[in-house]
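Please have the viewer open while I talk.

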Amino acid sequence: MKVEDVVCPFCGCLCDDLVVEVEGTRVVNVENGCTLANEKFMGDHRLKAPIRRAGNAWEEISYDEAIEETAAILLDADRPLLYGWSGTFGEAQSVGVHLAELLGAVIDNTSTVCHGPSIMAIQEVGHPGCTLGQVKNRADVVVYWAANPIEAHPRHMSRYTTFCDGFFVKSAFRERKVIVVDVRETESSQVADEFVKVNPGGDYAVLSALRAIVRGKRDLIPATVEGVSREQLFRVADLCMSAKFGAIFFGVGLTMAQGKYKNIRNAIELTEELNRHTKFTISPMRGHWNVYGSNEVFTWITGYPYAVDFARGIAFYNPGETTSVDILRRGECDACLVVASDPGAHFPRACAEHLARIPTVQIDPHVNATTHLSRIQIPVAVTGIDAEGTAYRMDGVPIRTRRLFYGNYPDDLDVLEKLYRIIREARG
Amino acid sequence: MNFLLNTGRTIRQGSSVERKNSATYREEASAVSMNPVDMFEMMVEQGDRVRVKSGSGEVVMWVRPDPGLGRGKVFVCLGPYANHLIGTETHGTGMPDFKSTPVSIEPTEEPVPSVAVLMRQCGGVPYEG
């Protein structure tokens with residue numbers, strides 16, 4: 001059976017034009033997908049049943065046993081951490097937030113080590129963004145700053161920018177100028193009309209220099225700024241100011257480098273300066289599939305996008321204090337529920353060590369680095385393949401994903417609702 | 001020799017991210033990319049093993065050349081090998097310094113550990129199923 005207009009469940013692009021061929025409970029072919037999509041749909045490496053650590057070995061257990069034991073762990077904890085959420089759908093994320101409130105837990109999503117600083121900057125100065133459709137149809141200048149879309153979002157350039165014709169950009173390859181700013185040469189920088197190579201940690205200064213040029217202060221610019229020549233800075237500023245519609249996309253090269261959220265604030269303020277001359281927008285390249293959705297769902301319910309602490313009985317948010325890496329670094333949480341992510345692989349080693357010390361439970365379809373650190377893992381259906389629900393694209397557009405077949409696994413929502421019911425009953 | 005460590009996504013890492021016990025993931029996640037001139041100065045060739053140390057930990061990886069990197073810079077894709085070197089300081093933002101960790105690198109004959117072994121070093125129990 002061929003299913004058309006399938007939504008890809010890998011990165012934040014949520015490409016919705018895939019054609020997937022299914023035989024029984026197996027995907028046998030994918031059309032239109034990138035390498036990442038093909039691996040996601042065709043990969044068949046799931047954990048077969050719930051597992052529990054027994055001394056220095058592992059044993060299979062039933063779903064009921066795994067869920068009841070997880071509930072007991074969370075009920076017994078004084079400061080549980082519920083982390084992850086970006087690989088699952090909004091309806092399951094919503095139950096996660098209610099579970100956190102019931103437990104007085106901290107709930108955090110993967111933006112804490114991704115675009116969390118971008119959100120902090122947006123909270124300070126706003127977000128002059130737009131949908132990807134606007135970029136595709138209007139943008140004649142596109143800037144990728146500290147991002148490598150060819151490796152991280154392989155179809156971004158072909159669906160929305162460099163290689164994609166739009167309503168007002170009839171021949172994208174000729175009419176659209178692409179500027180890549182990065183600390184290293186990448187496959188993306190090789191297709192750019194202008195590659196700006198910045199010294200590591202130099203983004204803030206280069207952004208400031210561009211702001212000064214756009215403000216008409218060219219005489220203030222020294223011969224080089226963090227490895228970038230004055231002439232190139234002038235050229236880039238002129239390209240941006242002469243655009244009819246410009247779009248900046250920035251990656252975690254800005255959020256993770258020195259300056260963190262201040263880099264993003266500076267980039268947003270550069271966009272503001274450019275809007276004195278023309279129309280310019282700026283958007284983060286959200287990476288982990290429905291991470292944008294986790295920010296949306298958390299915000300609807302609690303008022304905060306990530307790192308929400310319910311220990312006081314009300315929602316409290318303070319990045320640097322209630323963020324997962326800081327909580328694990330301080331050895332503060334005494335139990336952790338990981339849903340649809342892999343902190344064992346993607347958090348610093350000291351955090352992984354604390355996850356191994358405390359009872360950690362993981363709800364995830366696959367064996368990953370966190371599996372080895374956990375006490376229990378509960379496998380679930382893969383959203384967008386054998387589970388359906390709502391996810392948000394990187395530009396904030398909600399898209400309903402589809403179930404391609406009915407498999408043998410419960411989905412995240414089934415497991416979390418059971419967990420919630422047991423805990424609510426125990427808490428009275 | 002001393003270097004500045006940068007981390008980030010690669011398409012091979014993304015392709016094998018749901019098979020973290022696999023040889024493909026291990027090979028990609030444990031590769032340290034380096035400017036060829038730095039490799040020449042260190043007298044290492046593609047595939048040679050090196051011990052990478054930071055203020056937060058150390059791990060054995062293998063070297064591959066990347067002329068797109070500047071001298072004194074190295075790149076490792078995000079994952080458990082890179083994170084054996086990243087510290088937990090977030091400067092009040094929640095975000096560790098994934099893009100700029102000073103490291104020292106020296107040749108070694110020791111083997112590159114598997115992800116399961118790295119997690120055992122963190123206190124976990126490897127699951128090989």
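Let me start with a question: is helix H4 (residues 116-125) of chain A mostly covered or mostly open? Helix H4 of chain A is mostly covered, since seven of its ten residues are buried, where buried stands for 20 or more other C-beta atoms within 10 Å of a residue's own, exposed for 12 or fewer, and partly exposed for anything in between, with C-beta atoms placed from the backbone.

Before I go on, a word on conventions: this is a predicted model, in which local features need pLDDT of at least 70 and side-chain atom pairs count only at pLDDT 80 or more, while totals for chains, interfaces and linings use all residues. Residues are numbered from 1 along each chain as its sequence is written, and chains are lettered from A and ligands numbered from 1 in the order in which they are written. Helices (H or I, at least four residues) and strands (E, at least two) are DSSP runs, numbered from the N terminus. As for confidence, the predictor gives the complex an ipTM of 0.97 and a pTM of 0.96, and chain B has a mean pLDDT of 96, with 99% of its residues at 70 or more, on a per-residue confidence scale from 0 to 100.

Returning to H4(A), the buried residues are Gly116(A), Pro117(A), Ser118(A), Ile119(A), Met120(A), Ala121(A) and Ile122(A), and their cover includes helix H13 (261-274) and helix H14 (291-302) of chain A, contact being defined by C-beta atoms, placed from the backbone, that lie within 7 Å. After the helix comes Gly126(A), with a positive phi near 90°.

Now to the sheet in chain A, which is open and mixed, with nine strands in the order S5-S4-S19-S18-S17-S6-S7-S15-S16; strands count as paired if DSSP finds at least two bridges between them. Strand S5 (57-60) and strand S16 (316-317) of chain A stand at the edges with a single partner strand each, so one side of each has no neighbour in the sheet. Within it, strand S4 (residues 51-54) and strand S19 (residues 376-378) of chain A run antiparallel and are joined by two bridges, with Arg52(A) opposite Ile376(A).

Across strands S6, S7, S15 and S17 of chain A lies helix H3 (residues 90-103), at about 170° to S6(A), the angle running from 0 to 180 degrees between N-to-C directions of axes fitted to C-alpha atoms, for helices over the stretch in contact. Val97(A) belongs to this helix and counts as buried because it has 23 C-beta neighbours inside 10 Å. Beyond neighbours within four places in sequence, Val97(A) touches Ile107(A), Val297(A), Phe298(A), Ile301(A) and Thr302(A).

At the level of domains, chain A is divided into domain 1 (47-114 + 289-427) and domain 2 (116-284), with bounds from an automatic or database domain assignment. Their centres, taken over C-alpha atoms, are separated by 34 Å, and ten residues of domain 1 are in contact with eight residues of domain 2.

Chain B, finally, holds a closed barrel of six strands, S1-S5-S2-S4-S3-S6, with mixed pairing. How many residues does each chain bring to the contact between them? Chain B brings 47 residues and chain A brings 57, and on the chain B side the largest share, four residues, comes from H5(B).

Terms used. Contact = placed C-beta atoms within 7 Å. pLDDT = per-residue confidence, 0-100.
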